[in-house]
Amino acid sequence: MEVRRVVILLVGVLSVGAAVARGPWRASEDNTRGWQLMTPEERIEHQRRIRGFSTLDECRAYQHSHHRLMDERARQRGLPLPGGDRDICAHLRGDRP
């Protein structure tokens, strides 16, 4: 009986550890359009906002606004701005299982 408890506890700890290791979504230069044009404070705020959306419409509106701002900053500085491949709002779509 004691071995069973230890095994159950171990499986639980390992499951939680794996979930924590993945962690919540993090903004980075690989997944954020205009990362190089943002201040550290803007990056933190961007990440906070993305994590906080509860509707797809809110997320899309912010995403479009953010892209316009980054496009303008890049244009003003004469820099190319690569587009991101990741849909940061996809987790809010209702058609996912």
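Which residues of α2 are buried? In this predicted model, they are H46, Q47 and I50.

**View 1. Length of helix α2, residues 40-52.** The 13 residues of α2 should span 18 Å at 1.5 Å a residue, and the C-alpha atoms at its ends lie 19 Å apart, which agrees.

**View 2. The buried side of α2.** H46, Q47 and I50 are buried. These residues lie on the same side of α2 because they cover an arc of only 95° around the axis. An α-helix has 3.6 residues a turn, so residues three or four places apart point the same way. The cover over the buried residues of α2 includes α3 (56-77).

**View 3. The opposite face of α2.** Turned away from the buried side of α2, this face carries the exposed residues E41, I44, R48 and G52.

**View 4. Helix α3 and its buried residues.** With 22 residues at 1.5 Å a residue, α3 should span 32 Å; its end C-alpha atoms are 31 Å apart, which agrees. The buried residues of α3 are C59, Y62, Q63, H66, M70, R73 and A74. Down the axis of α3 they fall within an arc of 105°, and therefore line one face of the helix. These buried residues pack against α2.

**View 5. The exposed face of α3 and the residue after the helix.** D57, R68, R75 and Q76 are exposed on the face of α3 turned away from its buried side. Just after α3, G78 has a positive phi of about 65°.

Definitions and conventions:
Residues numbered from 1 in each chain as written. Predicted model: local features only at pLDDT ≥ 70, side-chain atom pairs only at ≥ 80, totals over all residues. Heavy atoms only, no water. Helix = DSSP H or I, 4+ residues; strand = E, 2+ residues; numbered from the N terminus. Expected span 1.5 Å × (residues − 1). Buried < 20%, exposed > 50% of the residue type's maximum accessible area, 1.4 Å probe, protein only. Arc of directions from axis to C-beta. Contact = heavy atoms within 4.5 Å.
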